[in-house]
Amino acid sequence: QVQLVESGGGLVQAGGSLSVSCTASGLTFSSYHMGWFRQAPGKEREFVSAITWSGVYTYYGDFVKGRFTISRDNAKNTVSLQMNSLKPEDTAVYYCAADPQGISGRSRYWGQGTQVTVSS
């Protein structure tokens, strides 16, 4: 019933930019906090960014350092992550997450992920 579908992943050279998006269905989008996690091979899933249901508050992992921007469009049931100044260490599968109470590694719903590869 509930689906989170990511798109926009791909291959980009270091220093470039990429935007990934997540479109949700089967839930009341405006009632859910949304966020992004990522997981690289051999590493644990790590928090990237989150945005509250109205978009008033945003949160970022320390590694972002101003490079990423999260946004949401409740009219389109979409959350996006604009990634600039990409580094090879950003290479990972990026997962969209949704939860009515807060984004964490135990969020209620997850997308299937989209691959982001940054070449050096």
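The exercises below work through a predicted model of one protein, each with a solution in steps.

The model is predicted, so local features need pLDDT of at least 70 and side-chain atom pairs count only at pLDDT 80 or more, while totals for chains, interfaces and linings use all residues. Residues are numbered from 1 along each chain as its sequence is written, and side-chain values use heavy atoms, with hydrogens and water left out.

**Exercise 1. Overall build**

Task: State how many helices and strands the protein has, and compare its radius of gyration with that of a compact globule.

Solution. 

Step 1. Helices (H or I, at least four residues) and strands (E, at least two) are DSSP runs, numbered from the N terminus. The protein has zero helices and 11 strands. Its pattern along the sequence is β-β-β-β-β-β-β-β-β-β-β.

Step 2. The radius of gyration is taken over C-alpha atoms, and the globule rule is 2.2 Å times the number of residues to the power 0.38. For 120 residues, a compact globule would have a value near 14 Å; the protein has 13 Å, which agrees.

Step 3. Along the principal axes, the C-alpha atoms fill a box of roughly 40 × 25 × 20 Å.

**Exercise 2. Burial, contacts and charge**

Task: Find what share of the residues is buried, what share of the contacts joins residues at least 24 apart, and how far apart the mean positions of the charges are.

Solution. 

Step 1. Buried means under 20% relative accessible area, exposed over 50%, and partly exposed in between (1.4 Å probe, protein chains only). Of the 120 residues, 43% are buried.

Step 2. A contact means heavy atoms within 4.5 Å. Take the contacts between residues at least 6 apart in sequence: 55% of them join residues at least 24 apart.

Step 3. For charge, Lys and Arg count as positive and Asp and Glu as negative; His and the chain ends are not counted. The place of a charge is NZ of Lys, CZ of Arg, CG of Asp or CD of Glu. There are 10 positive and 8 negative charges, and their mean positions are 1 Å apart.

**Exercise 3. The salt bridges**

Task: Name the residues that form the network of salt bridges, and say where they sit.

Solution. 

Step 1. A salt bridge is a side-chain nitrogen of Lys or Arg within 4 Å of a carboxyl oxygen of Asp or Glu. The structure holds three of them.

Step 2. Glu46 pairs with Arg38 at 2.7 Å, N to O. Glu46 counts as partly exposed because its relative accessibility is 31%. Arg38, at 4%, is buried.

Step 3. Asp90 also pairs with Arg38, at 2.8 Å, N to O. This pair links distant parts of the chain, 52 residues apart: Asp90 is in the loop between strand 8 (78–83) and strand 9 (92–99), and Arg38 is in strand 4 (residues 33–39).

Step 4. Arg67 pairs with Asp90 at 2.7 Å, N to O. Here the partners are 23 residues apart, with Arg67 in the loop between strand 6 (58–60) and strand 7 (68–73). Both Arg67 and Asp90 are buried.

Step 5. The network therefore consists of Arg38, Glu46, Arg67 and Asp90, with the salt bridge as defined in Step 1.

**Exercise 4. Positive phi**

Task: Compare the places and exposure of Asn77 and Ser85, which have a positive phi although neither is a glycine.

Solution. 

Step 1. Asn77 has a phi of about 55° and lies in the loop between strand 7 and strand 8. With a relative accessible area of 24%, Asn77 is partly exposed.

Step 2. Ser85 has a phi of about 50° and lies in the loop between strand 8 and strand 9. Ser85 is partly exposed, at 40%.
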